[in-house]
Amino acid sequence: VARITLLTDFGTADGYVAAMKGVLAAEAPLAAVDDAAHDIPPGDIAAGAWTLVRYGTLYPPGSVHVVVIDPGVGSERRALAAEIAGRFYVAPDNGVLSGVLDNASNVRLVAIRNPAAMRSGISRTFHGRDIFAPAAAWLARGESLEGLGPAVSDPVLLKLPQPSRVDGAVVGEVVHVDRFGNLITNIPEAWAARADLRVQVEGRDAGPLRAIYGDVAPGQVLALIGSAAMLEIAVRDGSAAAVLEVGRGSRVVVAPVEKRRLA
Amino acid sequence: VARITLLTDFGTADGYVAAMKGVLAAEAPLAAVDDAAHDIPPGDIAAGAWTLVRYGTLYPPGSVHVVVIDPGVGSERRALAAEIAGRFYVAPDNGVLSGVLDNASNVRLVAIRNPAAMRSGISRTFHGRDIFAPAAAWLARGESLEGLGPAVSDPVLLKLPQPSRVDGAVVGEVVHVDRFGNLITNIPEAWAARADLRVQVEGRDAGPLRAIYGDVAPGQVLALIGSAAMLEIAVRDGSAAAVLEVGRGSRVVVAPVEKRRLA
Amino acid sequence: VARITLLTDFGTADGYVAAMKGVLAAEAPLAAVDDAAHDIPPGDIAAGAWTLVRYGTLYPPGSVHVVVIDPGVGSERRALAAEIAGRFYVAPDNGVLSGVLDNASNVRLVAIRNPAAMRSGISRTFHGRDIFAPAAAWLARGESLEGLGPAVSDPVLLKLPQPSRVDGAVVGEVVHVDRFGNLITNIPEAWAARADLRVQVEGRDAGPLRAIYGDVAPGQVLALIGSAAMLEIAVRDGSAAAVLEVGRGSRVVVAPVEKRRLA
């Protein structure tokens, strides 16, 4: 039995997600459907790309991940279906697959064009119901990726911000702020894990790298390695985003003490 | 295997929805349960009725749709179970089924009265757990609609606002505002789709009918046909509700240019 | 087929819940997974404990309830697995199981220690993915509770506020405020159900005990017995929390008229 996940910016109250689930129930009745999230900020493709990476490969091969964050719906943007390392992905061609395509090998990618894999009478505003859910059902039933449409070799990719090494320091940025106000950076563990380094966010000191929240007092800022093996800045029992008043895009510097002027 | 959907105004944090799921797991262990939405505004029967129409018939026949938006819980209002075009619905008799009953043929409707289909010790405040979930499990197990109670012929129906034709123009109103701030009207595609017409919302011009969001610049207002085949007013990459400062009940006029004084 | 429920304070947008679901899909592919709630206020252990009681025992024996509200993640706090009256619970040892452990007999409790029941490379910040979801999968597959680790006899328990009888009156407090603004108290039905009593919240009169919301006019405050068989204070078609400007911890007195000075 295939498992299908749904990631959207639809919220749930309007029934758009339920409409997709109805299509899946009708067209892939044996599949199990998991809600990933529906509260991605409206149109925030980068946020969706980030979230998808958190769970995509934790699901077993054969799973089908549907992503509908689609501000360009109705335009000429393509609808994509992909197989990456044995999992399937269905999404608009707007960069939302950037995270899972990044550094991936073993990728097959097609544009969804086969009318037999779509609902009849496709709307101009709701391809989640009319194209993406039917395509997911198609894959969940075990029909072929290639049957959905022609191969694609040039998917839209977001330019994901990369950390850099500058004069002995590492300069990165906040790429995600989570519900707890944790500031998740694009600086990997291997670049940050050295005892003589200190972390700064927009010029404010976050101290040396700590192991756990409990290493500082409640309310204090700390830097640690988060669950994605990236440097995070947090506040114990609080919100680093609120305390430091920073957000996505904020500059993060990891440097030996004597390099702190860089921040 | 039957599929059961849940639509409520309960939110999830209080455990009321989970309590209903527990009852379903105990009494219909083979059924699959889909969350439709739990963030309908508290007590907003019209919003629930609107949302239910978005997905009710997309589910396959045999599905059981549970709707618990129930400000009159504990009073003499009846608990209903219905079969409409092969799908089952379980809900309080307060109008929340109006949308799916509207123009429906092939309707069977009963009042839930059979104690064998309820939990023992029914509370005065939580019929979702004590009456509606058990009734849904009853139907999902394949037991009969008539077994739940006596036939009903006079369900409570909301007076849904209808568009009208006035002196060559169409006058309707906003019936739903979605998460994106799209203003969804009660004017059907067939009444709005003519090239010489312009759309106005509370006297403000929304232009002629467009095909897709991409037909205007970001931030601009446009009118288009939405996924329910009704006229919608939107802002590309933005919220029409916020930009135009209008909401449910706002007046919408579709008229030839020379009739615009009607608005 | 086992059923697994998830209760967290993670929200959904960050993908943490989806990551747990991915682990469950990989490690217990036949289990059905229900979302209980993910919008518990961040770190609010008491709220989680309260919510869990609402549904824990409504699920059938063999169900596995996962609770991850875990501000102490990464510290020395233990990870617990329990069997209580035939249902399984997996949670951090921080008191979040207090409600279901309270007055429970037939409890087996272990500390999760077996590396074979965990993901390899456990993070310091996300035991939901690395420890709790794998342990839930372990139990859902029918493997033994004792196989997870050694027995525990001293779980952390919250000091749940208890009502008291004072000079002929009952004094309790608000222990939960739900989405509707209902004030749920720790005063059981048997202590409040007497015709000559009146209810007060922080010194403000909520009247005698009523049967249903419909017993007062819209907008009026009333006291009634809620779905947990506890005294609740509500406002018909409104929010008691907003109208009375009170919340969790507020003092509630049930007293004969002549005792009202107690409040």
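A:Glu146 forms a salt bridge with A:Arg108, with 2.4 Å between the closest N and O atoms. A salt bridge here is a side-chain nitrogen of Lys or Arg within 4 Å of a carboxyl oxygen of Asp or Glu. This is a predicted model, in which local features need pLDDT of at least 70 and side-chain atom pairs count only at pLDDT 80 or more, while totals for chains, interfaces and linings use all residues. Residues are numbered from 1 along each chain as its sequence is written, chains are lettered from A in the order in which they are written, and side-chain values use heavy atoms, without hydrogens and water.

**Salt bridges**

- The whole structure holds 42 salt bridges over all chains.
- A:Glu146 is partly exposed, at 43% relative accessible area, and A:Arg108 is partly exposed at 34%. (Buried means under 20% relative accessible area, exposed over 50%, partly exposed in between, with a 1.4 Å probe and protein chains only.)
- A:Arg129 and A:Asp130 also meet in a salt bridge, at 2.7 Å from N to O. Both are buried: A:Arg129 has a relative accessible area of 11%, and A:Asp130 has 0%.
- A:Arg141 pairs with A:Glu143 in a salt bridge at 2.8 Å, N to O.
- Salt bridges with shared partners join A:Arg78, A:Asp93 and A:Asp154 into one network.

**Where chain B meets chain A**

- In this interface, 29 residues of chain B are in contact with 34 residues of chain A. (Contact means heavy atoms within 4.5 Å.)
- The area buried between the two chains is about 2400 Å², and carbon and sulfur atoms give 55% of it. (Buried area is the accessible area, with a 1.4 Å probe, that two parts lose on being put together, summed over both.)
- B:Leu58, B:Arg179 and B:Ser227 supply 29% of the area that chain B buries against chain A, more than any other three residues.
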